[in-house]
Structure formats: structure tokens, C-alpha cells
Amino acid sequence: MRTNNAIVDDQGLMNNFAIEPKVYVDEQGDRTGFTPYAELLNGRLAMIGFIALIALEVFTGHGIFGFFSNL
């Protein structure tokens, strides 16, 4: 039996904590975890970072540690 969002059992005792949460499926697709999409994105970001470090060294004449030591 259910009254005012609480459940009353066979003995007439009220149990407020017996209401179960609604179950749902999180539809995020294949964009989480070790998926091909995540691996491609990780590889692309690594390539961008590597090119950025090479460009930093070409334009400043120093590596990353030399660049930060001159600031």
C-alpha cells in the first residue's frame, strides 16, 4: 500500500526509505572509456601538443624549460 510517497507494509508500519529510485540508461553513446573515438581524440591532441612544442622551440630558440627559465 502506498500513501503520500511512503510505503506502509503488511504490519501497518510506514517505511519512507523503501521507495526505489527510477532506473534509467545514460545514453552517451560511445564517447566514454577506452573507445576508438577517445583514442583518436587523444592521438590528435598529442600531435597538436608535439607540434606546439616544436613551434615554440623554432620561434624562441629554447626548449620548454629554457622558455620558462627566461620568463
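**View 1. Accessible surface of the whole predicted model.** The accessible surface of the protein comes to about 6800 Å², and 62% of that area belongs to carbon and sulfur atoms. The model is a predicted one, and among the 71 residues of the protein 4% count as buried.

**View 2. Order of the secondary-structure elements.** Two helices and three strands are assigned in the protein, and, read from the N terminus on, these elements follow the order β-β-β-α-α.

**View 3. Confidence along the chain.** The pLDDT of the protein averages 79, with 79% of the residues scoring at least 70. Confidence is lowest in strand β1, which covers residues 2-3 and has a mean of 50, whereas confidence is highest in α1, at 92.

**View 4. Helix α1 and the residue that follows.** Helix α1 comprises 25 residues and reaches 36 Å from its first C-alpha to its last, which is close to the 36 Å expected at 1.5 Å a residue. Just after α1, Gly61 adopts a positive phi of about 85 degrees.

View 5. Phe50, Ile51, Ile54, Val58 and Phe59 together make a nonpolar surface patch of about 590 Å².

Terms used. Residues numbered from 1 in each chain as written. Predicted model: local features only at pLDDT ≥ 70, side-chain atom pairs only at ≥ 80, totals over all residues. Heavy atoms only, no water. Patch = residues over 30% accessible without salt bridge, like charges linked within 9 Å, V, L, I, M, F, W, Y side chains within 5 Å. Areas by Shrake-Rupley, 256 points an atom, 1.4 Å probe, with all protein chains shown as cover. Salt bridge = Lys/Arg side-chain N within 4 Å of Asp/Glu carboxyl O. Helix = DSSP H or I, 4+ residues; strand = E, 2+ residues; numbered from the N terminus. Expected span 1.5 Å × (residues − 1). Buried < 20%, exposed > 50% of the residue type's maximum accessible area, 1.4 Å probe, protein only. pLDDT = per-residue confidence, 0-100.
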